[in-house]
Amino acid sequence: MAKVNLINNGVIFKEEEHEYWLGDKQLFGITSAIQHQVAKSEYSNCPEHLIKKAGRYGTDVHKSIQMLINDFEHDGTVETEDFRELTKDMSIEACEYNVSDLEHWASNIDIVVRVSDNEFDLYDIKTYSNSKLTKTQLLKAKFQLSIYAMLFEGQNKGAKVRNLGIIHICNKIRRNGSENHISEILPIDRIPNDVCKNLLDCELQGTQFQNPYDIPKDVASKVNRIIKLIQTKKEAEEELNAIKKDVLETMLFLDVKSWKGENITFSRIEETQRSSFDLVAFKKAYPDLPYDSYVKTSKVAGSLKIAV
């Protein structure tokens, strides 16, 4: 496959106004759409001056990193050095790379990394002070990077986005004088294109996006009870296994195979060996045999997996 070269879409980003323009047409940035649709109340209890302060810090870090990539100038900050160290094995193709559908939306991708002739990884730089990202922060990043990937692949024909990730960098002094130093890369799962497109369409139409990854209210009301039941089950199983171990040791010591009491029977299962057929090894050893004719398949009922 021929090497995919990133194209310039002609969109102009006005940094001071934070606006995107294609000729005389203004395009919308995706971050405000995501904020409005999935994180409307995120900053409702946060003072305006703190929001602006965090914004200025993030802008400064982005500019320092951009200067490092474009001009090979290291400003000596811890954040720039952290970025350099985190990305030293990456082949950075572009920073602040603009992607757009050339109709409604445009945004700049912080970091584009070339993996092969047609594969790329996309990264967004975050400067959050909290060491562990909140559920809302992760959700916003998922949509942001997934929409980037959708626009990136649509803009660069033949390009394939392999991985998405957050480059989380922060170096601040806490109120108590201790250092708040964060330097990590967090992998992000991609959201399907149709879900991303639905969010953007809802924003254009002025309707509320129904996030398919949100837990419905009737299920959310059962969450605490589910967690309690799972924990109770785990504790009960641990206690039961400990009791069974003690009973088995007693039966072995007394050389008895069973006990029968009121409403309960104890039966000792002798140690044995289990044999199984290694289909993968068989296929490898005898690739020409018509083994498919002898494989029996059956449906397995769907089930629910809950992780806490």
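User: What angle do H1 and H5 pack at, and how far apart are their axes?

Analyst: H1 and H5 pack at about 85°, and their axes are 10 Å apart. The model is predicted.

User: Why is H1 called roughly perpendicular to H5?

Analyst: Angles of 65 to 115 degrees count as roughly perpendicular. The angle of H1 with H5 is about 85°, so H1 is roughly perpendicular to H5.

User: Which residues of H1 and H5 meet, and how do they divide into nonpolar, polar and charged?

Analyst: From H1 come Ile30, Ala33, Ile34, His36, Gln37 and Val38; from H5 come Leu199, Leu200, Cys202 and Glu203. Seven residues of this contact are nonpolar, two are polar and one is charged.

User: What makes a group of residues a nonpolar core, and how many residues has the largest one here?

Analyst: The residues must be buried and of nonpolar kinds such as Leu, Ile and Phe, joined through side-chain atoms within 4.5 Å. The largest such core has 38 residues, and Leu122, Phe143, Ile147 and Phe152 have the most contacts inside it. Helices H1, H4 and H5 and strands S4, S5, S6 and S7 each supply at least two of its residues. The largest share, 10 residues, comes from H4.

User: Which residues does Leu122 touch?

Analyst: Leaving out residues up to four places away in sequence, Leu122 touches Ile109, Ile111, Val112, Leu145, Tyr148, Ala149, Phe152, Val161, Asn163, Leu164 and Gly165. There is also a second, separate core of 15 residues, with Tyr57, Ile69, Ile125 and Ile182 among them.

User: Why is the pair Glu15 and Lys63 called a salt bridge?

Analyst: The rule asks for a side-chain nitrogen of Lys or Arg within 4 Å of a carboxyl oxygen of Asp or Glu. The closest N and O atoms of Glu15 and Lys63 are 3.9 Å apart, so the pair meets the cut-off of 4 Å. The count by this rule comes to 15 salt bridges.

User: Where in the chain do Glu15 and Lys63 lie?

Analyst: Glu15 is in the loop between strands S1 and S2, while Lys63 is in helix H2; the two are 48 residues apart, and their pair links distant parts of the chain.

User: Why are Glu15 and Lys63 called partly exposed?

Analyst: Partly exposed covers what is between buried, under 20%, and exposed, over 50%. Glu15 has a relative accessibility of 49%, so Glu15 counts as partly exposed. Lys63, at 44%, is therefore partly exposed as well.

User: Are the partners Lys126 and Asp124 buried or exposed, and what makes them a salt bridge?

Analyst: Both Lys126 and Asp124 are buried. Their closest N and O atoms are 2.7 Å apart, which is within the 4 Å of the rule.

User: What separates Glu237 and Lys233 along helix H7?

Analyst: Glu237 and Lys233 are four residues apart in H7, so about one helical turn separates them. Their side chains meet in a salt bridge at 2.9 Å, N to O.

User: What is Thr265 called, buried, exposed or partly exposed, and where does Thr265 lie?

Analyst: Thr265 lies in strand S10. Its relative accessible area is 47%, so Thr265 is partly exposed. Beyond residues up to four places away in sequence, Thr265 touches Trp259 and Lys260.

Notes: Residues are numbered from 1 along each chain as its sequence is written. This is a predicted model: local features need pLDDT of at least 70, side-chain atom pairs count only at pLDDT 80 or more; totals for chains, interfaces and linings use all residues. Side-chain values use heavy atoms; hydrogens and water are left out. Buried means under 20% relative accessible area, exposed over 50%, partly exposed in between (1.4 Å probe, protein chains only). Contact means heavy atoms within 4.5 Å. Axes are lines fitted to C-alpha atoms, for helices over the stretch in contact, and angles run from 0 to 180 degrees between N-to-C directions. Angles under 35 degrees count as roughly parallel, over 145 as roughly antiparallel, 65 to 115 as roughly perpendicular and the rest as oblique. Ala, Val, Leu, Ile, Met, Phe, Trp, Tyr, Cys and Pro count as nonpolar, Asp, Glu, Lys and Arg as charged, and the others, Gly among them, as polar.
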